Amino acid sequence: MTQTWTNWSRSEQTHPVRIVHPASTAEVVGLVREATTAGLTIKAVGASHSFTAIGATDGILLRLGRMNRILAHDSDSRRVRVEAGISLHELNPKLKVLGLALPNLGDVDPQSVAGAVSTGTHGTGARLFGISAAVVGVQLVTADGEVLEIDENHRWFGASRVSLGALGIVTEVTLQCVPAFLLHAREAPMALPEVLQRVDSLVAENDHFEFYWFPHTEKALTKCNNRVADGTPRRPVSRFRHWLDDEFLSNTAFEGINRVVARKRSWIPRVNAIAGSALSAREYVDDSYNVFVSPRTVRFRESEFALPREALPSVLRELGQWFEAGHEKVSFPIEVRFTAADDVWMSTGHERDNCYVAVHQYWRTDYRSYFAAAQDIFTAHGGRPHWGKIHSLGASYFAQAYSRFDDFVQVRDELDPERTFSNAYLDRVLG
């Protein structure tokens, strides 16, 4: 019987010969050896939240949701070893029980730990990094069925933290955590020109800063999140305000609006102006993961690029000019975040402080012309696409964009010479 895999955004679909749910590294080893013997490719997926086909295969597909345990933790070093399939949604409250937290997170949490780190998922914070920078150890099942333990002293460590699924099946991950912490969140509307005028200070003066720009308007929503002093009590958003802002306005109403404007595109500028005014200022104090993560039930497609921070004003101006030229009406806000340079070979933050600009399109609307135009703007400024988000770039571009690209490809050649873990996406981006 034909089986079907589809990703969360419904942008990719494939038909594996088998879909298997292993519960241990030993089972993964057996399945990899089975695939190698049969001449099949084999891939692993977590929540299938990548917008690309990075996890797709027509061979054997492993769904790692049963591998979702915390295996060990060390209170002194604050290191935690987890199975690769545990979701961030499952992990964050379990870390809190241990008095720990990840230092930074993105704005959604259904992803598996392995999926998040392997695609370079990140949050925001001028002095902070993506999630993969917290990885201090990786257990990897290679194409010959060997189980590798790769730590900070291993020669392949730099390649293993953002592996793109190209080196093997990640089965366990060791994370360097920090003491659990609270964040004081301040969300406030601000005109886009003022945001850009103040952006350097807003980024520098806040632990975590991001903003959303509503296309066809000058309206933006800013988010400033900062650590609080020890002993500060939690003051979470009230149940009513959470329902109104995060569930009704940002999801239920937004879904309904997008269903309408998918057919009435001319309404979008006016709708965006109203939406940009609907979310009022608010402040609260809560556990870090509750502040970082927002509910996202409206299905969409996304493209996101990391760019040199100094390019941001030009990039947003060029996007605005494209909108003004009447090419397309876009209902989803544009998200802008910031991170520090890291040393992870295939991280979008490799050796460069970045801003991130993410464009979205409702899943029932054709995204191709919008994302292609945005990509042209991003690449003209040295952009690096998020590995799990939509782009059309290939190996020749990445060989110029990443100083360790050739080193990564060499590790891939050593670990997977027969391309057991490859697919069309990896063939395009790695050659």
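Tutor: Before we start, contact here means heavy atoms within 4.5 Å. Keep in mind, too, that we're looking at a predicted model.

Student: Okay, which residues does Val20 touch, not counting residues up to four places away in sequence?

Tutor: Val20 is found in strand β3, residues 18-20. Leave out residues up to four places away in sequence, and the ones Val20 touches are Leu31, Ile60, Leu61, Leu62 and Arg63.

Student: Is Val20 buried or exposed?

Tutor: The cut-off for buried is under 20% relative accessible area. Val20 has a relative accessible area of 14%, so Val20 is buried.

Student: And how far apart in space are Val20 and Tyr367, C-alpha to C-alpha?

Tutor: In sequence, 347 residues separate the two. In space, C-alpha to C-alpha, Val20 and Tyr367 are apart by 32 Å.

Student: Let's zoom out. Why can we call the protein as compact as a globular protein of its length?

Tutor: The secondary structure comes to 13 helices and 20 strands. For 431 residues the globule rule gives 22 Å, and the protein is close to that, so it is as compact as a globular protein of that length, with a radius of gyration of 21 Å.

Student: What share of the 431 residues is buried?

Tutor: Again, a residue needs under 20% relative accessible area to be buried. Of the 431 residues in the protein, the buried ones make up 58%.

Student: Now the second largest pocket: which residues are the closest to its centre?

Tutor: That pocket has a volume of about 490 Å³. Of the 23 residues that line the second largest pocket, the closest to its centre are His242, Asn290, Val293, Ser294 and Pro295.

Student: Which elements each supply at least two residues of that lining?

Tutor: By class, the lining of the second largest pocket has eleven nonpolar, five polar and seven charged residues. The elements that each supply at least two of the lining residues are α2 (88-97), α6 (239-261), β16 (282-287) and α8 (288-292).

Student: Take Asn92, then. What is it in contact with, leaving aside neighbours within four places in sequence?

Tutor: Asn92 lies in helix α2. At 4% relative accessibility, Asn92 counts as buried. Leaving aside neighbours within four places in sequence, the contacts of Asn92 are Leu102, Leu105 and Tyr289.

Student: Last one: what do the buried residues of α7 pack against?

Tutor: Helix α7 covers residues 268-278, and its buried residues are Ile268, Val271, Asn272, Ala273 and Gly276. The elements that the buried residues of α7 pack against are β15 (219-227) and α6.

Notes. Residues numbered from 1 in each chain as written. Predicted model: local features only at pLDDT ≥ 70, side-chain atom pairs only at ≥ 80, totals over all residues. Heavy atoms only, no water. 1 Å grid on protein atoms, 1.4 Å probe; cavity = no way out; pocket = protein on both sides within 12 Å on 5 of 7 lines; lining within 4 Å. Points joined across faces, edges and corners; volume = space filled by probe spheres on them. Helix = DSSP H or I, 4+ residues; strand = E, 2+ residues; numbered from the N terminus. Nonpolar A, V, L, I, M, F, W, Y, C, P; charged D, E, K, R; others polar. Rg over C-alpha atoms; globule rule 2.2 N^0.38 Å. Buried < 20%, exposed > 50% of the residue type's maximum accessible area, 1.4 Å probe, protein only.
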